[in-house]
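Reader: I am new to protein models. Please walk me through this one, a question at a time.

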Amino acid sequence: MTMAGSDATDFYAVRLARVDAGCPVISIDDIQNERGTLIVRKGSRIDRQAAERILRHRLVRPLEEQVALGCMLDVPDLEACYQALFAAYPDLDALRRHVEPDGVYSELAHAARFHPVFWQKLTVLRRQLPREFEKALFCAWLATWIARLHGLPRSDVEAVFIAAIGHDFGMLHLSPALLAKGDALTPAEWHGIQRHVDIGRDLLRRLPGVPPLAVRAVAEHHERCDGTGYPRGLEEKDLCLAGQILAMADSIQAIRVNQFGGSGRTLANVMPFLQLNTYTHFESVYRAAMALLKRAKDHESRKFDAGQIGHLLKRLPVRCRWLRGTERILERLLEMLEGVPDPRDYRRLLRVAQRVRKMITQAGLAQADVAAWVEGLSLETVDQETARDLDDLKLMAIELHWQIRNLVRVGESCLAKAESGGMDHLKGTVGFVLGELRGELARWDEETGG
Ligand SMILES: [Fe+2]
Ligand SMILES: [Fe+2]
């Protein structure tokens, strides 16, 4: 099965066949290919054999419209999933009790109007990609609260809710093997992952009841104000507020769930990350998100023991030095790219590099006086307040490390696409500097044990 309007394979049939192993997935129509040939007869299970047949054809109608699941989620199930989410994240639960003292997540009521295909996608997501499902719920709750604090009208808050719940449905159509690869992706594979945005947008556009604003928000959920996002690299003036609220909620969720995991860090600790990223989001969205997270901070009562403080005092100067070294390499890369009147294929790399430079400046970690201040501290002089500041600095260092890794990834994909015509020299030098940055990243991994 190929995607509408492209030659890429659509793997949704594989997901359905895997679901079918635990709960029947039945064709409710004769499934035909574009030439009218029968592929799967009405009333059949979508099992592995059926999926393999479907995979080889271009269907006349989207597969999801021609199947029914024996185990569809409904509103009470979704409510129960939310209860499980709040139980799994006590910090999220504390924030919820703070902003929703009556314990009612009122946006959930919109779920009663979800189209059956929307429920189908949500059901398949939960069974096939349970982590993505959890993240979608997490993101939707945050997004609707940011939208409310921002003062959006009710209909727009509803659109944000729908978009946030469905924003990564496109993942279900990508190759399961590609998704399982995690972070170690080649530029071509990374490009493949990015396709989930357009796939999700097209899918939601076909569904009755999904507001156009929600469709647009999904299309823009990985775009960033400074033009460093994907898939189109749009800039602030071209982006809608709902999409950027979704982008912000998705980032907060990703930091809390992916980066913090079970480390004991909470939503309140996301704030230093956002402070570094003020250029990438709408300012008003940033302020609304910070206002929400500040309420989380009021509930934070994390205590640092001597061992943790000792660890911070030992590791932070190492990280400051690392950043200083990396910043110097970054400066050389920028000098190189900014010296070219029209860096064409490298424009995206240039933008991302400029953003990372701003972030490093903003964090202050590479400045000699910050390092000197940390080095001058001792176990006796660090109180809980200072310990929290040090922990914030450490989080910023981790975020900057991630940003530099992302920069190398963007650079490599620019290199892979760059035509060398007349710019051979640039290609060579950019490749060399990216190699140096990769070396620095490896050194960080050695120094911190990954
Ligand atoms: Fe996404
Ligand atoms: Fe996401």
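Predicted model: local features only at pLDDT ≥ 70, side-chain atom pairs only at ≥ 80, totals over all residues.

Author: Residues are numbered from 1 along each chain as its sequence is written, while chains are lettered from A and ligands numbered from 1 in the order in which they are written.

Reader: Into which domains is the protein divided?
Author: The bounds come from an automatic or database domain assignment. The protein is split into domain 1 (12-69), domain 2 (75-298) and domain 3 (306-448).

Reader: How many residues do domain 2 and domain 3 bring to their contact?
Author: The centres of domain 2 and domain 3, over C-alpha atoms, are 27 Å apart. Two residues are in contact if their C-beta atoms, placed from the backbone, lie within 7 Å. Domain 2 gives 12 residues, and domain 3 gives 16 residues.

Reader: Which element supplies the largest share of the side of domain 2 that touches domain 3?
Author: Helices are DSSP runs (H or I, at least four residues), strands are runs of E (at least two), and both are numbered from the N terminus. On this side, α9 (187-194) and α13 (271-276) each supply at least two residues. The largest share, 3 residues, comes from α13.

Reader: At what angle do the axes of α15 and α18 cross?
Author: Axes are lines fitted to C-alpha atoms, for helices over the stretch in contact, and angles run from 0 to 180 degrees between N-to-C directions. Helix α15 (residues 306-338) and helix α18 (residues 384-417) have axes that come within 10 Å. They cross at roughly 35 degrees.

Reader: Which residues in α15 meet α18?
Author: On the α18 side, the partners include A387, L390 and I404. In α15 they are I309, L312, L316, R319, L323 and T326.

Reader: Which residues have the most contacts inside the largest nonpolar core?
Author: A nonpolar core is a set of buried Ala, Val, Leu, Ile, Met, Phe, Trp, Tyr and Cys residues joined through C-beta atoms within 7 Å. The largest one has 124 residues. Its largest share, 12 residues, comes from helix α6 (residues 130-150). The residues with the most contacts inside this core are A143, I146, V160 and A164.

Reader: Why does V25 count as buried?
Author: A residue is buried if 20 or more other C-beta atoms lie within 10 Å of its own, exposed if 12 or fewer, and partly exposed in between, with C-beta atoms placed from the backbone. V25 sits in strand β1 (residues 25-27). V25 counts as buried because its C-beta neighbours inside 10 Å number 27.

Reader: Is G200 buried or exposed?
Author: G200 lies in helix α10. Beyond four places in sequence, G200 touches G166, H167, D168, F169, G170 and V218. With 24 other C-beta atoms within 10 Å, G200 is buried.

Reader: Which peptide bond is cis?
Author: P231 is found in the loop between α11 and α12 (241-260). Omega is near 5 degrees for the cis bond from Y230 to P231.
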